[in-house]
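Welcome! Let's look at this protein together and ask what lies behind the words used to describe it.

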Amino acid sequence: MTEPTHSVTVWDLPTRLFHWALVLLVLTSYISVHLNWMDLHFLSGYSVAGLLLFRLGWGFIGSDTARFANFLRSPFAALRHLAHLARREPDREVGHNAAGGWMVLVMLLLLAVQVATGLCANDDVMLEGPFAKYAGKELSDRLTAIHHANFNLIEAAIFLHLAAILTYAVLKRQDLVRPMLTGRKRLPAEVAAPALAHKLRAAILLATAVAVVALAVNLL
């Protein structure tokens with residue numbers, strides 16, 4: 001018999017907007033640097049910095065599925081989950097699964113490194129990040145090299161993320177994309193819906209994050 005299910009809101013609007021805005025900004029950063037649109041590249045980088053600050057705070061005061069404490073499990077739990085990757089079974093995960101939670105953390109850390117090094121980078125001609133003058137030329141050069149190399153790691157993480165989405169769709173018949181678009185997915189009837197934080201909390205947090213980045217870039 002088919003197990004009874006119900007439609008549950010698993011991803012709040014702020015988390016979904018963060019996700020897709022980050023996708024667009026990473027793509028913008030990639031395109032702008034290759035077309036030498038550096039003003040746009042800097043603006044994109046500052047925007048990513050603001051989003052990362054927002055996500056850091058939302059990981060502590062946001063909805064249940066956005067909180068780090070709720071989706072970061074032990075590495076052994078992630079390995080156990082991956083060991084059963086080929087097993088077709090109903091989706092019972094309210095938010096990130098054990099492996100997906102670590103993928104999120106890795107991506108956030110890589111983007112944080114990218115932003116931090118970009119703020120201190122230089123192009124040896126006329127452009128430099130707003131903190132490059134404080135780092136000094138030698139350290140700025142090292143951070144510039146890390147900035148370039150780290151994006152290769154970001155590309156690899158994106159590839160793994162897309163491969164995981166395809167793998168879950170093929171092996172488990174689980175759609176990971178639709179819930180991040182609509183916020184909802186069908187779960188077994190006994191699975192309770194997560195608690196969702198108020199959107200006003202997210203708006204205040206985002207405004208604070210944007211203000212912090214703007215002040216840091218323009219005043220320091």
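What follows is a set of questions and answers about this predicted model.

Q: What makes up the secondary structure of the protein?
A: Nine helices and two strands. Going along the sequence, the elements come in the pattern β-α-α-α-α-α-α-α-α-β-α.

Q: Why is T2 called exposed?
A: Exposed is the word for a relative accessible area over 50%. T2 has a relative accessibility of 77%, so T2 counts as exposed. As for its place in the chain, T2 lies in the segment before strand 1 (5-9).

Q: How far apart are T2 and A169 in sequence and in space?
A: In sequence they are 167 residues apart, and in space 19 Å, taken from C-alpha to C-alpha.

Q: What share of the residues in the protein is buried?
A: Of the 220 residues, 38% are buried. That word is kept for residues under 20% relative accessible area.

Q: What is known about the contacts between residues at least 6 apart in sequence?
A: Among these contacts, 76% join residues at least 24 apart. A pair is in contact when heavy atoms come within 4.5 Å.

Q: Which residues lie nearest the centre of the largest pocket, and what is its volume?
A: The volume is about 1300 Å³. H19, M103, V104, H161 and I165 lie nearest the centre, out of 45 lining residues. A residue belongs to the lining if it has an atom within 4 Å of a pocket point.

Q: Which helix gives the largest share of the lining of the largest pocket?
A: Helix 7, with 11 residues. Helix 1 (13-34), helix 4 (75-83), helix 5 (98-119), helix 7 (137-172) and helix 8 (177-182) each supply at least two residues of that lining.

Q: How does the lining of the largest pocket divide by class?
A: It has 31 nonpolar, eight polar and six charged residues. Residues such as Val, Ile and Met count as nonpolar, whereas Asp, Glu, Lys and Arg count as charged.

Q: What can be said about the second largest pocket?
A: Its volume is about 680 Å³. The second largest pocket is lined by 30 residues, with V33, H41, Q114, G118 and H147 nearest its centre. Helix 1, helix 2 (38-61), helix 5 and helix 7 are the elements that give two or more residues to this lining. By class, the lining of the second largest pocket has 16 nonpolar, 12 polar and two charged residues.

Technical notes. Residues numbered from 1 in each chain as written. Predicted model: local features only at pLDDT ≥ 70, side-chain atom pairs only at ≥ 80, totals over all residues. Heavy atoms only, no water. 1 Å grid on protein atoms, 1.4 Å probe; cavity = no way out; pocket = protein on both sides within 12 Å on 5 of 7 lines; lining within 4 Å. Points joined across faces, edges and corners; volume = space filled by probe spheres on them. Helix = DSSP H or I, 4+ residues; strand = E, 2+ residues; numbered from the N terminus. Buried < 20%, exposed > 50% of the residue type's maximum accessible area, 1.4 Å probe, protein only.
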